[in-house]
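Hi everyone, thanks for making time. Let me put the model up on the screen, and then we'll walk through a few spots together.

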Amino acid sequence: MTEEFHRIRRLPPYVFAEVNKAKAAARAAGEDIIDLGMGNPDSKPPEHVTQKLVETLNNPRVHGYSVSRGIPGLRRAQAAYYERRFGVKVDPETEVIVTLGSKEGLANLASAITSPGDTILVPNPSYPIHQFGFMIAGASVRSIPATPDEDMLRALYRAVKHSVPKPTALIVNFPSNPTAFLADIDFYKELVTFARREGVWILSDLAYSEIYFGDTPPPSILSVPGAKDVAVEFTSMSKTYSMAGWRMGFAVGNPRLIQALTRIKSYLDYGAFTPIQVASVAALNGPQDYVNDMRNLYRDRRDVLLRGLHAAGWDVPTPEGSMFAWAPIPEKFTEMGSVEFSKLLMKEAGVAVAPGLGFGEYGEGFVRIGLVENTQRLRQATRSIKGFMSRHGISRPADMSSADTGSKVVSS
């Protein structure tokens with residue numbers, strides 16, 4: 001009875017727990033910690049969405065069980081979003097399902113399609129559920145490069161050639177959490193060609209589809225002809241409409257995968273609370289000014305953060321998408337690793353970040369910094385970081401202090 005349960009044994013200690021424990025202790029002691037560690041939106045959802053939620057709550061018929069795969073109006077609204085945004089037509093009856101956020105959808109689909117011992121291809125570093133959702137389901141995970149380029153493609157072909165058993169699924173996530181990498185439609189075409197030829201499912205996490213800072217919006221893999229033969233894509237209301245706590249997301253694409261997820265979910269839940277689904281319809285079908293406003297907000301925060309970090313002597317690549325900066329640990333601190341560096345930064349600068357190790361072994365040497373505080377607080381954070389860096393002998397020459405020295409994130 002002292003042995004750990006089998007599935008728990010496959011999960012390593014939660015890397016973020018150490019930093020979270022230190023953060024809680026500092027706050028309990030009255031310290032002002034600027035928390036840039038968790039991707040938790042700090043804005044309120046659109047006004048018309050919250051009004052629709054309140055309005056719907058007053059209907060006595062909406063407080064019972066809902067529909068596991070989502071109310072029809074919400075599935076139609078998501079289908080309309082795909083046609084409007086990506087030019088992709090999907091059937092709301094067979095190719096769309098509502099999930100309790102993209103995280104739940106990914107984990108439950110992993111459970112639905114995975115047999116013990118299956119090989120799954122997952123970028124490293126990546127969002128933890130991409131790897132551990134399949135590990136919980138009994139699969140073995142093979143890491144591939146996280147960059148949307150030839151390195152990833154070569155790794156895919158090596159994996160097919162040398163993995164036993166042959167891989168059954170591939171996870172991709174662009175704009176990426178945590179790296180902020182973006183992929184273009186040509187790269188997705190390569191992935192679809194690979195997957196169709198080798199008989200591999202693609203699970204695309206597109207949760208940050210609307211947070212981008214260049215002129216070209218991130219594409220959907222489903223825009224590639226034939227993609228629905230092999231791919232399903234997850235999106236979320238969390239970041240687009242600042243509805244993270246509402247737990248509202250979608251899976252769209254291959255009917256067989258959608259049906260598998262539908263069947264699993266029918267045993268596990270009764271769907272999201274109906275008023276939340278109704279309000280989500282209002283978000284998708286209503287005016288979209290809010291989405292553009294949020295994009296501009298995150299761009300402004302990104303620029304403030306990066307200017308401040310560069311002035312402090314910390315050269316961080318400028319993200320072109322997502323709500324994160326993926327920051328290489330300054331050379332002076334690399335030997336201590338991302339967890340200890342994160343704890344030191346919080347102790348001496350009062351700024352919490354996420355250690356890169358929490359996103360996979362190849363995340364070591366980096367920290368993830370969230371754009372989740374207002375510009376005033378971000379300026380306060382970078383001033384504190386500048387003092388921290390200066391005390392450790394790191395500074396930027398005066399003639400470079402105002403320059404934007406960050407390089408652009410690689411885009412395929």
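Let's start with Arg302, which counts as buried at 7% relative accessibility. By buried I mean under 20% relative accessible area; exposed is over 50%, and partly exposed is in between, with a 1.4 Å probe and protein chains only. Before going on, please keep in mind that this is a predicted model, where local features need pLDDT of at least 70 and side-chain atom pairs count only at pLDDT 80 or more, while totals for chains, interfaces and linings use all residues. Residues are numbered from 1 along each chain as its sequence is written, and side-chain values use heavy atoms, leaving out hydrogens and water.

So which residue forms a salt bridge with Arg302? The partner is Glu320, and the closest N and O atoms are 3.4 Å apart. A salt bridge here is a side-chain nitrogen of Lys or Arg within 4 Å of a carboxyl oxygen of Asp or Glu. Arg302 sits in helix α11 and Glu320 in the loop between α11 (289-311) and β9 (324-328), so this pair ties together parts that are 18 residues apart in sequence. Helices (H or I, at least four residues) and strands (E, at least two) are DSSP runs, numbered from the N terminus. Glu320 is buried too, with a relative accessible area of 18%.

How many salt bridges does the structure hold? There are 21.

Now two pairs within helices. In α7 (residues 150-162), Arg154 and Asp151 are 3 residues apart, which means about one helical turn separates them. Their side chains meet in a salt bridge at 2.5 Å, N to O. Arg154 is partly exposed at 44% relative accessible area, and Asp151 is partly exposed at 37%.

In helix α8, Lys189 and Asp186 are likewise 3 residues apart, about one helical turn. The salt bridge between their side chains is 3.9 Å, N to O. Lys189 is partly exposed at 39%, and Asp186 is partly exposed at 47%.

Is Ser176 buried or exposed? Buried, with a relative accessible area of 5%. Setting aside residues up to four places away in sequence, Ser176 touches Phe181 and Ser322; contact means heavy atoms within 4.5 Å.

Over in strand β9 we find Ala327, buried at 0% relative accessibility. Apart from neighbours within four places in sequence, Ala327 is in contact with Trp314, Val316, Gly365, Phe366, Val367 and Ile369. Leu344 is 17 residues away along the chain, and its C-alpha atom is 15 Å from that of Ala327.

Last stop, a helix pair. The axes of α5 (residues 101-113) and α6 (residues 128-136) come within 8 Å and cross at roughly 30 degrees. That makes the two helices, α5 and α6, roughly parallel. Roughly parallel covers angles under 35 degrees; over 145 is roughly antiparallel, 65 to 115 roughly perpendicular, and the rest oblique. The axes are lines fitted to C-alpha atoms, for helices over the stretch in contact, with angles from 0 to 180 degrees between N-to-C directions. On the α5 side the contact is made by Lys103, Leu106, Ala107, Ala110 and Ile113, and on the α6 side by Ile129, His130, Gly133 and Phe134.

Thanks, everyone!
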